[in-house]
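Welcome, and please have your viewer ready. We will go from stop to stop, with something to select at each one.

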Amino acid sequence: MNDLLLTGGRVIDTANRIDAVADVLIINGKISAVGPEAAARAPAGAERMDVKGLIVCPGLIDMHVHLREPGQAAKETIATGTAAAARGGFTSLVCMPNTSPAIDNSGTVALIHERAAQQGVVNVFITGAITKNLAGEELAPTGSLKRAGVVAITDDGHCVQNNELMRRALEYAKMFELPVMDHCQDYALVTDGVMHEGYWSTALGLRGWPAAGEEMIVARNILLAEATGARVHCQHLSTAGSVRLLREARQRGVSISGEACPHHFVLTDAAVAGSERFWDTDGKGVFGFDLAGNERPTWPAYDTNLKMNPPLRSARDREAILEGLADGTIEVLCSDHAPHCDYEKQVEFDYAPFGITGLETELALALMQLYHTRRLELAELIARFTVAPARLLGLPKGTLTAGADADVTVFDPERDWVFDKQATASKSVNSPFYGWPLKGKTIATIVAGKRVWADDLE
Ligand SMILES: [Zn+2]
């Protein structure tokens with residue numbers, strides 16, 4: 001029995017242009033009704049959940065997650081990664097192919113589908129590699145990956161450097177109606193950079209990762225999307241130049257899209273110099289107000305939980321990402337959840353792997369930096385986590401239309417909480433946001449009518 005009646009919440013379903021206080025009826029794992037008829041049609045034995053004062057929206061989708069399985073189960077597994085997703089309010093996630101072995105063949109896709117069905121608590125959609133073993137040399141079998149069920153192809157973590165190979169990848173992908181997602185990084189420009197190239201990389205004596213290293217590939221992707229007509233999506237955009245290129249291309253009707261992650265629109269490269277430097281400079285007014293001295297989280301300089309790829313950028317870049325989100329240039333919000341073990345991160349900055357976890361904090365950080373600062377309406381913010389990724393990847397998700405899978409997220413945009421290491425569901429704790437005062441919290445995550453996580457069940 002999966003019958004559930006959510007009563008009295010503010011239902012926001014952007015795809016159906018609903019933003020009103022309404023009941024939601026779920027029968028047998030499907031949305032049965034939204035609105036006045038929902039309560040009347042509820043079967044006698046249906047469970048009721050009072051969600052007055054809370055937001056009820058289509059289950060959130062994170063289209064950029066590293067689940068690490070198969071091959072790197074010490075960092076994360078399908079079980080722990082999907083549990084972290086549920087905790088963060090996500091009912092669906094899209095996993096990246098840089099596993100071991102890589103997702104460059106139909107067998108690995110089948111393996112993940114099988115494990116996700118057995119051990120996952122949320123829906124897992126899979127991306128396949130563009131090139132064999134993500135090596136950038138030879139195309140992976142796009143057609144058989146598509147038949148195996150991948151929703152897009154990407155070499156994320158890597159970037160195809162050969163423009164001719166990328167062009168052929170786009171032509172195949174178009175033939176198979178698959179979007180191509182790209183981690184934009186020009187290897188010749190970036191070489192072994194570990195943080196944003198600018199004042200702070202010089203001051204700290206760390207090798208720089210220049211903004212142009214991303215923008216070069218964004219520009220390449222725009223040109224190739226235009227030349228081939230394929231759909232191209234630029235992952236985790238971090239620079240002002242990338243936003244400008246994307247905005248101009250989209251205005252001309254090029255089939256190109258982009259996504260942004262909270263760490264790039266909350267933090268800056270000054271954070272690598274330590275919390276004091278950050279709060280004295282770019283951290284001032286970060287959420288539209290100054291955190292009181294005793295509320296300011298602290299961290300040391302060279303904290304490897306501030307090392308990710310692409311790196312934290314300048315305050316100007318952060319502002320441009322926020323503007324790109326506000327004007328719709330950047331359609332999608334996602335985490336780039338990238339778990340790593342303590343022993344891997346507890347080394348010198350130069351040697352630490354890139355990446356941070358993000359599934360459990362991204363909704364709060366997005367609410368704080370976009371909604372509470374009045375850059376985006378709530379319905380628009382929810383769209384970036386629901387209908388936008390669903391449309392881009394052709395997922396049958398992201399709405400509360402009657403008959404749809406009953407994937408629902410219930411959250412309180414005003415709830416204050418602190419992200420606590422003890423309470424994380426991820427296997428890894430490489431997040432810079434532990435101890436941060438956050439605003440906006442998931443209250444319940446419902447997948448196919450079943451509560452897979454709820455605040456009151458803690
Ligand atoms: Zn990436």
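Start by selecting Arg 68, which sits in the loop between strand 6 (60-65) and helix 2 (78-88). Keep in mind along the way that this is a predicted model. Although Arg 68 is not a glycine, its phi is positive, about 70°. Is Arg 68 buried or exposed? With a relative accessibility of 7%, Arg 68 counts as buried, because the cut-off for buried is under 20%.

Now select Asn 133, in the loop between strand 8 (123-128) and helix 4 (142-148). Asn 133 is not a glycine either, and has a positive phi of about 55°. Here the relative accessible area is 56%, so Asn 133 is exposed, the cut-off being over 50%.

Next come two peptide bonds. Show Ser 100 and Pro 101: a cis peptide bond joins them, with omega at about 0°. Pro 101 belongs to the loop between strand 7 (90-95) and helix 3 (106-119). Then move along to Asn 309 and Pro 310, again joined by a cis peptide bond with omega of about 0°. You will find Pro 310 in the loop between helix 11 (275-280) and helix 12 (315-326).

Asp 156 and His 183 link distant parts of the chain, being 27 residues apart. Asp 156 is in the loop between strand 9 (152-154) and helix 5 (163-175), while His 183 is in the loop between strand 10 (180-182) and helix 6 (187-190). Colour by accessibility here: Asp 156 is buried at 1% relative accessible area, and His 183 is buried at 2%.

Which residues have the most contacts inside the largest nonpolar core? They are Phe 265, Val 266, Leu 267, Leu 370 and Trp 436, in a core of 102 residues. Helix 14 (residues 362-371) supplies the largest share of this core, seven residues. Apart from this core lies another one of 19 residues, including Ile 26, Val 56, Leu 400 and Ala 444.

To finish, centre on Trp 436 and display its contacts beyond four places in sequence. Among them are Val 266, Leu 267, Phe 278, Trp 279, Phe 287 and Pro 297. The list also includes Trp 299, Trp 417, Val 418 and Phe 419.

Terms used
Residues are numbered from 1 along each chain as its sequence is written. This is a predicted model: local features need pLDDT of at least 70, side-chain atom pairs count only at pLDDT 80 or more; totals for chains, interfaces and linings use all residues. Side-chain values use heavy atoms; hydrogens and water are left out. A nonpolar core is a set of buried Ala, Val, Leu, Ile, Met, Phe, Trp, Tyr and Cys residues joined through side-chain atoms within 4.5 Å. Buried means under 20% relative accessible area, exposed over 50%, partly exposed in between (1.4 Å probe, protein chains only). Helices (H or I, at least four residues) and strands (E, at least two) are DSSP runs, numbered from the N terminus. Contact means heavy atoms within 4.5 Å.
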